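Subject: Structure handover

Hello,

Here is the structure I promised to pass on. My notes on it follow below.

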Amino acid sequence: MENVKEGFIPVTGGNVWYRISGNGPGIPLLVLHGGPGSKSSDSDPLRQLGVERPVIHYDQLGCGKSDRPTDTKLWTVERYVEELGQVIKALKLEEVHILGHSWGTMLAASYLFKKPAGVRSVIFLGPALDAERWEQDQRNYLKQFPQELQETVERSEREQTTDSAEYGQAMRAYYKRHMCRIDPWPQDMLEDMKVMNHQIYNFMWGASEFTVTGTLKHFDATERLSEIDIPALFACGRFDEATPEATEYYASLVADAEFHVFKNSSHTPGVEEPEAYVEKVREWLNRQELRPGEK
């Protein structure tokens, strides 16, 4: 793609890598990747929107192309919120749309609770806004799998053998239904999984999607979602780990929020139905810019 700019931004704890795709005239879109410990997708179809507006990705500290310090004191929601503010300031984003995916929705909500200026709208994609509900929803999905797989998961977690091949196989079966339903998974998605920082994932989340043992165990933004007073879109896939029921509930807590389901997706609509995904995000962003600025 033309007009791609990359670089590093100093933040608390190290330097983070960023990429700006395109230089269209619209208000920039800043994408917060999932994880924790994951990275930005190099093939994110949202980069196509660069002709309309700059599309900015960055790898959170400890992830992807960013520095990888090992100090666990850095792996807090508060520091990641601070980092997000540092990225916005360094890139001089006086106005910005934010899209958070999965753990990125926890980060987006926590940032918005600080009432920052200049955020024009927010998209919560595959929202994980209540860790205990997320865990319960995955447990409910697990009951739909063969008994043998359920027993493998429970035994591995009880005996703390979640690094076994058997457990890995069970997780792959689960992910193929609720993370990404394309078979086989695209090569770059497999590559992204390989470079995931498991130290951060395990510290903040836990051994798996089903069992939250990390520092996010009691994360719950639901009581504060009503504080969000900018346009908000809550979206998920029909088979998403972030269930349509949970996603619609979160949307109900924000005044005038919108709710959308990608019919043929699970947790990665950008991979599973990229055209519908780009079109929905484009339509949402353009519509927000037709509204008079609130601030």
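Cys236 stands opposite Val261 in E8. Strands here are DSSP runs (E, at least two residues), helices likewise (H or I, at least four), each numbered from the N terminus. Strand E7 (residues 232–237) and E8 run parallel, joined by 5 bridges. Two strands count as paired if DSSP finds at least two bridges between them. Helix H8 (residues 244–252) packs on the sheet and touches E7 and E8. Its direction makes about 175° with that of E7. Touching means contact, that is, heavy atoms within 4.5 Å. Axes are lines fitted to C-alpha atoms, for helices over the stretch in contact, and angles run from 0 to 180 degrees between N-to-C directions.

Some ground rules. This is a predicted model, where local features need pLDDT of at least 70 and side-chain atom pairs count only at pLDDT 80 or more, while totals for chains, interfaces and linings use all residues. Residues are numbered from 1 along each chain as its sequence is written, and side-chain values use heavy atoms, with hydrogens and water left out.

Now the whole sheet. It is open, with 8 strands in the order E1-E2-E4-E3-E5-E6-E7-E8 and mixed pairing. Strand E1 (4–11) and strand E8 (258–262) are the edges, each pairing on one side only. Neighbouring strands are turned by 20° against each other on average, direction ignored.

Around E4, both senses of pairing occur. E2 pairs with E4 in the antiparallel sense over 4 bridges, and Tyr18 stands opposite Tyr58 in E4. E3 and E4 run parallel, joined by 3 bridges. Leu30 has Ile56 in E4 as its bridge partner. Val55 and His57 point one way from E4, Ile56 and Tyr58 the other, and all are buried. Buried means under 20% relative accessible area, exposed over 50%, partly exposed in between (1.4 Å probe, protein chains only).

Helix H1 (residues 77–90) lies across E1, strand E2 (14–21), strand E3 (29–32), strand E4 (55–58) and strand E5 (96–101). It runs at about 130° to E1. Its buried residues are Val77, Arg79, Tyr80, Val81, Glu83, Leu84, Val87 and Ile88. Just after H1, Lys92 takes a positive phi of about 55°.

Last, Met179. It lies in the loop between helix H5 (165–178) and helix H6 (187–194). Met179 is buried, at 12% relative accessible area. Beyond its neighbours within four places in sequence, its contacts include Trp185, Glu241, His267 and Glu272. Met179 and Glu272 are 93 residues apart in sequence and 9.7 Å apart in space, C-alpha to C-alpha.

Best wishes
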